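The structure comes first and the notes follow.

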Amino acid sequence: MIDLNSEKKKILIITRYFLPYFPSMGGVMRVFTLANYFTRMGLEVHILTGLGKYYGYFGYEYLTTLINIKYVGKSEGFFEKQFESKSETTLFKSIPLKSINLFRSLLERLSVPDKNIFYVNLFHREALCMISENNIKNVFISSPPHSMQLIGYLLKKDLKTKINIIADYRDSWNTTSIFKHKTYLGFMLSKRYEKKILLSCDKFTYVSEPILNKVEKLHNIEIRDKSYLVMNGYNGLYSDNDSVVEEKDATKIKVGYFGNLNSGKKSYRDITNLIHILLNNEALAEKFEFYFYGSIKIKHPGVSALKGFHINQPLSHEEAIEKMREMDYLMIVHSDPASSDEVITGKFFEYIAVRKPIICLAPLCTEAGRLVEKYQIGIHIDLCNMESLRSALLKITKPGPRQFYSDLDTSIFSRDIQYSKLLKLLN
């Protein structure tokens with residue numbers, strides 16, 4: 001807790017997406033829980049974020065009322081509103097929808113570093129007003145989308161030493177195929193942006209161990225002295241006995257997946273190999289029951305034939321935690337080797353919170369898989385290798401009592417422990 005006799009510290013958190021304008025809780029959980037933590041620690045918290053399509057609060061509407069939130073932009077986003085308004089004119093009515101979507105896709109592809117670059121000036125102006133009106137000394141900018149980090153660079157040029165800029169990476173920018181710009185010129189410009197941002201910010205925080213090494217190598221810079229690993233985590237501070245649920249007597253192995261899953265050849269969460277193996281091995285298909293909760297899209301013609309696949313609607317966070325406790329294993333999926341090294345999804349920590357063993361279906365270089373193996377809290381299976389996947393599935397049995405987590409103090413993975421590192425970074 002901060003010293004109550006001192007001047008109350010203030011922080012502005014800038015993030016492109018926040019409740020209720022994002023389709024999953026996982027995508028906004030870091031910023032949401034960080035704002036809540038800072039509030040509990042006695043800080044005055046302000047959030048600058050954007051409007052968008054309404055998705056709901058996932059059971060957290062009350063907590064958002066405790067934070068000072070400023071929404072800017074348009075309710076459906078820049079691209080949606082632009083084309084929606086123009087399509088109402090006689091000229092645009094004559095243009096096929098397919099052509100409009102193609103032009104929109106092209107415009108997004110050419111936007112550097114991403115389509116949210118069009119919001120930077122708006123966010124920058126609003127941030128200056130909020131900083132001035134509230135006498136804010138600290139600004140925390142969380143990305144992706146990485147265009148938001150340009151706001152910090154502009155604020156630093158405006159306010160220099162009067163402001164403490166913390167650039168936060170939930171994912172890498174130019175060192176991962178997911179966010180790396182697809183054109184050569186766009187990539188070079190995006191790299192230039194990133195280097196300026198990393199050199200100008202006062203502190204750099206990141207969620208996964210490989211991120212720092214990759215950005216230093218890419219830009220040939222040394223920023224280690226101002227860089228801090230602040231992982232995500234689970235909510236609350238649980239003891240070793242919390243969230244332990246007795247196993248129910250059942251023959252089938254229940255595997256749960258929570259969050260977004262858009263499975264297909266172009267997806268980095270593609271479970272095609274898993275489906276293929278289950279379709280061609282009746283004994284394996286009978287061995288498991290897979291329960292999916294969230295925004296689930298599986299593009300495989302044979303998925304309907306798998307009686308052990310149960311696809312369900314998204315749940316509130318509290319409901320999801322209760323469902324997690326009913327499972328034998330909880331699953332993480334990442335299928336793209338080029339972007340897998342730093343992957344530690346938010347659900348990884350929620351799985352730890354309920355002390356259920358994790359099945360990490362991902363390339364062997366994945367950070368979440370490395371932690372699963374290091375702390376012996378589950379099984380890491382190479383999703384990209386069909387034979388390894390088949391062999392590992394055959395060996396999986398129902399977890400025995402205290403088989404996993406037996407000697408692990410899981411509090412090191414709590415958000416409070418991780419976020420406490422950030423208090424020392426504030427002015």
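**Helix H14 and its surroundings**

In this predicted model, the buried residues of H14 pack against helix H9 (210-219), strand S13 (329-333), helix H13 (346-353), S14 and strand S15 (378-381). Helices (H or I, at least four residues) and strands (E, at least two) are DSSP runs, numbered from the N terminus; contact means heavy atoms within 4.5 Å. Residues are numbered from 1 along each chain as its sequence is written, and side-chain values use heavy atoms, with hydrogens and water left out. Because the model is predicted, local features need pLDDT of at least 70 and side-chain atom pairs count only at pLDDT 80 or more, while totals for chains, interfaces and linings use all residues.

- The residues of H14 that count as buried are Glu367, Ala368, Gly369, Leu371 and Val372; buried is under 20% relative accessible area, exposed is over 50%, and partly exposed lies in between (1.4 Å probe, protein chains only).
- Within helix H14 (residues 367-375), Arg370 and Glu367 are 3 residues apart, about one turn of the helix.
- The side chains of Arg370 and Glu367 form a salt bridge of 2.7 Å, N to O, where a salt bridge is a side-chain nitrogen of Lys or Arg within 4 Å of a carboxyl oxygen of Asp or Glu.
- Glu367 is buried at a relative accessible area of 6%, whereas Arg370 is partly exposed at 39%.

**Other salt bridges**

- The whole structure contains 13 salt bridges.
- One of them joins Arg40 and Asp416, with the closest N and O atoms 2.9 Å apart.
- This pair links distant parts of the chain, since Arg40 is in helix H1 (residues 29-40) and Asp416 is in helix H16 (residues 415-423), 376 residues apart.
- Asp416 is buried, with 16% relative accessibility, and Arg40 is partly exposed, with a relative accessible area of 41%.
- Glu286 and Lys252 also form a salt bridge, their closest N and O atoms being 3.6 Å apart.
- Glu286 belongs to helix H11 (residues 282-287) and Lys252 to the loop between strand S7 (227-229) and strand S8 (253-258), so this pair ties together parts that are 34 residues apart in sequence.
- Glu286 is partly exposed at 47%, and Lys252 is partly exposed at 26% relative accessibility.
- A network of salt bridges links Lys214, Asp341 and Glu342.

**Cavity**

- The count is 1 cavity of 30 Å³ or more; on a 1 Å grid over the protein atoms alone, a cavity is a set of points where a 1.4 Å probe fits but cannot get out.
- The largest cavity has a volume of about 30 Å³, a volume being the space filled by probe spheres set on the points, with grid points joined across faces, edges and corners.
- Its lining is made up of Val255, Leu274, Phe288, Phe290, Met331, Ile359, Leu361 and Leu393, where lining residues have an atom within 4 Å of a point.
- Strand S10 (288-293) and strand S14 (358-361) are the elements that give two or more residues to this lining.
- By class, the lining has 8 nonpolar, no polar and no charged residues; Ala, Val, Leu, Ile, Met, Phe, Trp, Tyr, Cys and Pro count as nonpolar, Asp, Glu, Lys and Arg as charged, and the others, Gly among them, as polar.

**Arg109**

- Arg109 is in helix H5 (residues 97-110) and is partly exposed at 45% relative accessibility.
- Beyond its neighbours within four places in sequence, Arg109 contacts His181, Lys182 and Thr183.
- Arg109 and Thr183 are 74 residues apart along the chain, and their C-alpha atoms are separated by 8.2 Å.

**Whole chain and confidence**

- The protein chain has 16 helices and 15 strands.
- Of its 427 residues, 53% count as buried.
- Among contacts between residues at least 6 apart in sequence, 74% join residues at least 24 apart.
- The mean pLDDT (the predictor's confidence in each residue, from 0 to 100) is 89, and 89% of the residues reach 70 or more.
- Residues 1-5 stay under 50 in pLDDT and have 7 contacts beyond four places in sequence in the model.
- Residues 237-245 also have pLDDT below 50, with 21 contacts in the model beyond near neighbours in sequence.

Methods:
On a 1 Å grid over the protein atoms alone, a cavity is a set of points where a 1.4 Å probe fits but cannot get out, and a pocket is an open set with protein on both sides within 12 Å along at least five of seven lines; lining residues have an atom within 4 Å of a point.
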